[in-house]
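Look at the structure first, then read the points below.

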Amino acid sequence: MPSTKAYAALSATTPVVPHTIERRECKPHDVQVEILYCGVCHSDLHFAHNDWGMTVYPVVPGHEIVGRVTAVGDQVKNFKPGDLAGIGCLVDSCRVCDNCKDDLEQYCAESAVFSYNGNERDGSGNTYGGYSQSILAHEDFVLRISDKLPLEGVAPLLCAGITTYSPLRHWKVGKGSRVGVLGLGGLGHMAVKLAVSMGAEVTMLSHTASKEADATRLGAHKFVLTSDEEQTKKVAGYFDFILDTVSANHDYNFYIAMLRTNGALVCVGVPPNPANIPAMTLIFGRKSFAGSLIGGLAETQEMLDYCAEHNIVSDVEVIAMKDINTAYERMEKGDVRYRFVIDMATL
Ligand SMILES: [Zn+2]
Ligand SMILES: [Zn+2]
């Protein structure tokens, strides 16, 4: 099996270090991609540190992968060597359950195979992600990437982009919608750009006054400082849709109060503590509290094509592979605008 250069966490308490992994040989439906850029998602850090208690070591994080096709299996129809390609959070699923048939592979009843720390369906072991020289996946899980946009800015679309695009589409955000975005980080900054491009009126909700300038630069129409009672009063019962990207503990009820009748608060961040929401908070106003996980393959391709058409990329800071641990430390302090992306030529 081909040896592949990578970076891996070998335990919860040690840094991410150079490591060699074995990738499978190219199977008939496989597309092999040489990785050019890989975004650094908060999930990478959580898996490296085993924050969710499910990490199998060594773990090679990275699920915001763009690169160039270097080889394809003899059954592959849609890719050829030299093409640009992307691989996001998923590399396989059962293909036959109701969710898979509905293009919702992320909710596969047998559990989708995630790009890292996932179990290969053929029993061959753990998947390894994008902090590596190359990766292979079945062509159905490989995405077409436009050459119109800077690739380093495209990489984060594969997780941060689809995580925010999918709920905006599902809840039919568009012209006339009043959208609140909670949290201005990797996910939040994409949510602002995407919701603005869809024609919504977008308000950034933040407890940090200094974020207003950036929110405006990203296209937000309004800014509400959530620590200012006067400002929050003005948006009571105001929003059709709030996308909550915050992964620190916070009071959901405070934001649900900002929804108008039939409004929805959708969380994509994962705080450590469970939500505590009295039913009455939802009953009065027929409000919804919901969650959303990335997107299926068809929708991810739709999002990539949409971003190419509307000239939308992530705001990134490109780093060398060896600086990944410093990047993690900065992410823990919220010190990144708005996504680190690894230049894999530095591996
Ligand atoms: Zn991610
Ligand atoms: Zn399935």
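D323 and K322 form a salt bridge, with their closest N and O atoms 3.3 Å apart. A salt bridge here is a side-chain nitrogen of Lys or Arg within 4 Å of a carboxyl oxygen of Asp or Glu. This is a predicted model: local features need pLDDT of at least 70, side-chain atom pairs count only at pLDDT 80 or more, and totals for chains, interfaces and linings use all residues. Residues are numbered from 1 along each chain as its sequence is written, chains are lettered from A and ligands numbered from 1 in the order in which they are written, and side-chain values use heavy atoms, with hydrogens and water left out.

**Exposure of the first pair**
- K322 is exposed, because its relative accessible area is 59%.
- D323 is partly exposed, at 30%.
- The cut-offs are these: buried means under 20% relative accessible area, exposed over 50%, and partly exposed in between (1.4 Å probe, protein chains only).

**Other salt bridges**
- The structure holds 19 salt bridges.
- Side chains of opposite charge can pair when their charged atoms come close.
- E317 and R330 meet in a salt bridge of 2.8 Å, N to O. This pair links distant parts of the chain: E317 sits in strand β16 (residues 316-320) and R330 in helix α11 (residues 324-332), 13 residues apart.
- Helices (H or I, at least four residues) and strands (E, at least two) are DSSP runs, numbered from the N terminus.
- E317 is partly exposed at 26% relative accessibility, and R330 is partly exposed at 23%.
- E201 pairs with K222, their closest N and O atoms being 3.7 Å apart. The two lie in distant parts of the chain, with E201 in strand β11 (residues 201-206) and K222 in strand β12 (residues 222-225), 21 residues apart.
- E201 counts as partly exposed at 24%, and K222 as partly exposed at 38%.
- A network of salt bridges links K193, D214, R217, D315 and R337.

- C41 lies in the loop between β3 (30-40) and α1 (42-48), and C159 in the loop between α3 (151-154) and α4 (160-170), 118 residues apart.
- C41 is buried at 6% relative accessibility, and C159 is buried at 6%.
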